[in-house]
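Trainee: I've got a model open and I'd like to learn how to read its helix packing. Can we walk through it together?

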Amino acid sequence: MVIKKMTVMGYRKVLWIYIAIIFILAVLNINGAGIVLNNTHILSIRLDYLVHFAIFIPLMWLVCNAYGVSFKLNVGKAVLWVVFGLVLAWLSEGVQYFIPYRAFNINDLVANTIGVLLG
């Protein structure tokens, strides 16, 4: 079985699908019956903060592979994509302020931001 390397267009498709998934997760009613994600702690850190953090690391990896972003090759382009990632991270949390069954949480926003910057 031959495994082909994904093309730039393939990375771009995966990137935009991933962004759509982030927004779908941001608006889904996941705190329903019996789900206690907000009350689960790992080393005194709530699990959902780690999830928020972890979601945005692959986002930036996908951006690098889909659009050839590199601080070594083009600092301006890389900074532009980091700003895009931060805006996306903030919007995905900010939209929850307006949804009655979701809650805006500044700690989630910080976790999103750290995920983008680390990614």
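**Reading the helix packing**

Mentor: The protein chain has four helices and two strands, where helices (H or I, at least four residues) and strands (E, at least two) are DSSP runs numbered from the N terminus. Keep in mind that this is a predicted model, so local features need pLDDT of at least 70 and side-chain atom pairs count only at pLDDT 80 or more, while totals for chains, interfaces and linings use all residues. Residues are numbered from 1 along each chain as its sequence is written, and side-chain values use heavy atoms, with hydrogens and water left out.

Trainee: What pattern does the protein chain follow along the sequence?

Mentor: It reads α-β-β-α-α-α. As for contacts (heavy atoms within 4.5 Å), 67% of those with a separation of 6 or more join residues 24 or more positions apart.

Trainee: How do I read a helix pair, and at what angle do α3 and α4 pack?

Mentor: Axes are lines fitted to C-alpha atoms, for helices over the stretch in contact, and angles run from 0 to 180 degrees between N-to-C directions. Helix α3 (residues 75-94) and helix α4 (residues 106-118) pack at about 155 degrees, with axes 9 Å apart. The pair is therefore roughly antiparallel; the cut-offs are under 35 degrees for roughly parallel, over 145 for roughly antiparallel, 65 to 115 for roughly perpendicular, and oblique for the rest. The residues making this contact include Val82, Leu86 and Trp90 of α3 and Leu109, Thr113 and Val116 of α4.

Trainee: Is the crossing of α2 and α4 left-handed or right-handed?

Mentor: A crossing is left-handed if the near helix is turned anticlockwise from the far one by less than a right angle, and right-handed if clockwise. The α2 and α4 crossing is right-handed. Their axes come within 7 Å and cross at roughly 30 degrees, which makes α2 roughly parallel to α4. Among the residues in contact are Tyr49, Phe53 and Ile57 of α2, and Ala111, Ile114 and Leu118 of α4. By class, this contact has nine nonpolar, four polar and two charged residues; Ala, Val, Leu, Ile, Met, Phe, Trp, Tyr, Cys and Pro count as nonpolar, Asp, Glu, Lys and Arg as charged, and the others, Gly among them, as polar.

Trainee: And how do α2 and α3 cross?

Mentor: The axes of helix α2 (residues 47-67) and α3 come within 11 Å and cross at roughly 145 degrees, with α2 passing α3 in a right-handed crossing.

Trainee: Is Glu93 buried or exposed?

Mentor: Buried means under 20% relative accessible area, exposed over 50%, and partly exposed in between (1.4 Å probe, protein chains only). Glu93, found in helix α3, has 0% relative accessibility and so counts as buried. Beyond its neighbours within four places in sequence, Glu93 contacts several residues, including His52, Phe104 and Asn112. Cys64 lies in α2 and counts as partly exposed, because its relative accessibility is 34%. Across the 119 residues of the chain, 32% count as buried.

Trainee: Which residues touch the most other members of the largest nonpolar core?

Mentor: A nonpolar core is a set of buried Ala, Val, Leu, Ile, Met, Phe, Trp, Tyr and Cys residues joined through side-chain atoms within 4.5 Å. Here the largest has 19 residues, and Leu15, Phe56, Leu59, Tyr67, Val69 and Val116 touch the most other members. Helices α1 (8-27), α2 and α3 each supply at least two residues of this core, and α2 gives the most, with seven. Not counting residues up to four places away in sequence, Val116 touches Phe56, Met60, Val82, Gly85, Leu86 and Ala89.
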